[in-house]
Amino acid sequence: MKHRGRHRRRRRGRALRAALAGTALALTAAATLISTSQATDADDPGALKPLTAPAETAPLRLTEHEVPRDWLDRLSSRMGRPVGVGAVLADPDGALRDAEDCPADDRRALPVEPAATRAYCWTGTDGWRSGAVTTSGDADDDGRWGEHRVVLSGWSHEGRPARDGTATAERGLARVAFVDAGDPAGLRYTWALLAVPVDGGRDYRGLGSPVSGMVWYQDKLLVTAGRGEDSALYVYDVDRVLRATVDGMPVGRVPGGWSAAGARYVLPAVASYRPAGADAPRPGGISLDRSTAPDSLVAHEAVPGDHDGPTRLWRYAFSDAPRRTGLLATDPLSRAHPVEAYETELTDVRSVLSHRSGWYLGRMTGTPDERGSLWRQDGEGARPIRCGADETHRCWSGRTASLSHWQETGEVWSQSGRMLFALPLASVDRSLD
């Protein structure tokens with residue numbers, strides 16, 4: 001498989017990005033009225049604690065399982081030839097609105113400090129909950145996939161059982177929006193359902209897991225999966241997008257063709273990573289770290305809401321083998337071992353980003369509708385972003401489930417509620433206490 005977009009291109013559009021960053025969004029004035037009761041946040045969590053003993057790191061091991069190639073080929077032969085990212089972007093379902101045209105209730109999800117320099121809102125997402133974000137800045141170090149700048153936005157359905165007790169077709173489904181981000185003033189998107197091949201590739205089912213973590217690296221998209229899926233990560237090949245042929249809410253093979261719960265495209269999984277045991281920690285949020293050699297996948301532990309800490313953080317190295325593009329480095333037994341692991345005293349961690357020596361951790365500090373906090377933690381200590389007259393930590397978006405660093409532009413992308421937004425990583429560092 002030919003990996004596209006490897007040649008660095010001229011960084012066009014710098015003037016446009018600078019102008020957008022310099023035009024601060026007038027969205028945070030009302031949000032700065034934070035009550036004094038919110039000022040009491042987590043105590044100082046201190047420095048990260050390294051985990052080095054085999055008993056501490058062995059549970060973080062993952063085993064790789066490939067979907068048989070003949071399954072994938074059989075599915076493709078029945079559904080039609082796979083298409084790539086460019087074909088998906090050329091066939092949009094809709095467009096995002098600029099922040100100034102978004103409802104005030106949506107804009108309240110944006111951070112207070114630092115302020116977003118780019119923000120957009122979604123429409124037509126009723127019943128779906130936003131999750132992880134990744135970009136072509138993760139996929140390739142020049143920031144593009146082929147000729148395109150792309151943001152991938154993950155969503156999970158919040159369906160409920162029908163009155164007769166049966167599940168709706170949408171219950172537990174996950175989908176990804178391929179967002180054409182080439183024109184900052186006109187973002188357009190196309191939906192693709194995340195699926196898992198079954199019955200030897202004669203059919204597929206929907207991925208039954210919220211999309212809390214997502215990383216696009218080279219030609220692979222890695223997505224976190226909950227315990228119900230019996231896997232820690234599912235792997236998708238962005239060059240294996242298939243077209244649905246029936247517009248309907250069922251999922252899989254139906255009379256007359258193939259349906260994808262209303263989406264016109266389907267991404268079938270090509271592999272998965274399973275944890276060492278049923279009680280082993282599983283990744284919650286994940287992100288890419290290009291400041292390591294080789295590039296690495298970082299994760300925070302997925303924990304229940306009543307978990308009182310500590311929380312584990314760790315990383316896996318990506319493979320540098322030519323035939324294993326976008327996959328984790330594994331041993332001869334197909335096991336991916338953590339190359340670094342820590343504990344943090346922070347609880348309710350919902351997002352993670354690692355860059356150089358720092359770990360950036362977003363956490364909830366109340367209900368999803370309340371503001372959260374964002375910390376930078378390393379081996380020496382921890383610092384939060386502060387804001388407001390009372391210097392509260394609650395400056396970040398409470399529902400943010402993802403942090404993705406676009407290294408080529410220096411931006412961090414995230415989404416909360418129906419808002420997709422970006423801001424410079426440098427502005428996060430400047431805002432730290």
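## Aromatic pairs

Trp145 is counted as buried, at 2% relative accessibility. The model described here is a predicted one. Trp216 is buried as well, and its relative accessible area is 0%. In this model the count of aromatic pairs comes to 11. Trp145 and Trp216 form a pair whose ring centres are 5.5 Å apart; the planes meet at 55 degrees, so the pair is tilted. The two residues belong to distant parts of the chain, 71 residues apart: Trp145 is in the loop between α6 (136-139) and β7, and Trp216 is in strand β11 (residues 214-217).

Ring pairs also join Trp122, Trp155, Tyr189 and Trp191 into a cluster.

## Arg175 and two tryptophan rings

Arg175 is placed over the rings of two tryptophans. Its charged end sits over the ring of Trp128, at 3.9 Å from the ring centre. Arg175 also lies over the face of Trp191, where the distance to the ring centre is 3.6 Å. Trp191 is one of the residues in the cluster linked by ring pairs.

## Disulfides

A search of the whole structure gives 2 disulfides. With the bonded cysteines numbered in sequence order, they pair as 1-2, 3-4.

Cys102 is in the loop between β4 (97-98) and α5 (104-107), while Cys121 is in strand β5 (residues 118-121), so the pair ties together parts that are 19 residues apart in sequence. Both Cys102 and Cys121 are buried.

The other disulfide joins Cys387 to Cys395, and the sulfur atoms are 2.3 Å apart. The torsion about its S-S bond is about -105 degrees, so the disulfide of Cys387 and Cys395 is left-handed. Cys387 is buried at a relative accessible area of 7%, and Cys395 is buried at 1%.

## The largest pocket

The volume of the largest pocket is about 890 Å³. Its lining has 38 residues, of which Arg129, Pro210, Ser212, Arg350 and Ala401 are the closest to the pocket centre. Five strands are the elements that give two or more residues to this lining: β6 (128-135), β7 (150-157), β18 (283-289), β19 (296-301) and β23 (349-355). The most comes from β6, which gives 4 residues.

By residue class, the lining of the largest pocket divides into 13 nonpolar, 16 polar and 9 charged residues.

## Cavities

The structure has 3 cavities of 30 Å³ or more. The largest cavity has a volume of about 60 Å³. Its lining consists of Gly137, Asp138, Leu288, Asp289, Arg290, Ser291, Ser354, His355, His405 and Gln407. At least two residues of this lining come from each of α6, β18 and β23. The strands β18 and β23 are also among the elements that give two or more residues to the lining of the largest pocket.

The lining of the largest cavity is made up of 1 nonpolar, 6 polar and 3 charged residues.

Methods
Residues are numbered from 1 along each chain as its sequence is written. This is a predicted model: local features need pLDDT of at least 70, side-chain atom pairs count only at pLDDT 80 or more; totals for chains, interfaces and linings use all residues. Side-chain values use heavy atoms; hydrogens and water are left out. On a 1 Å grid over the protein atoms alone, a cavity is a set of points where a 1.4 Å probe fits but cannot get out, and a pocket is an open set with protein on both sides within 12 Å along at least five of seven lines; lining residues have an atom within 4 Å of a point. Grid points are joined across faces, edges and corners, and a volume is the space filled by probe spheres set on the points. Ala, Val, Leu, Ile, Met, Phe, Trp, Tyr, Cys and Pro count as nonpolar, Asp, Glu, Lys and Arg as charged, and the others, Gly among them, as polar. A disulfide is a pair of cysteine sulfur atoms within 2.5 Å. Buried means under 20% relative accessible area, exposed over 50%, partly exposed in between (1.4 Å probe, protein chains only). Rings of Phe, Tyr and Trp (its six-membered ring) pair if their centres lie within 6.5 Å; planes under 30 degrees apart count as stacked, over 60 as edge-to-face and the rest as tilted. A charge sits over a ring if NZ of Lys or CZ of Arg is within 6 Å of the ring centre and within 35 degrees of the ring normal.
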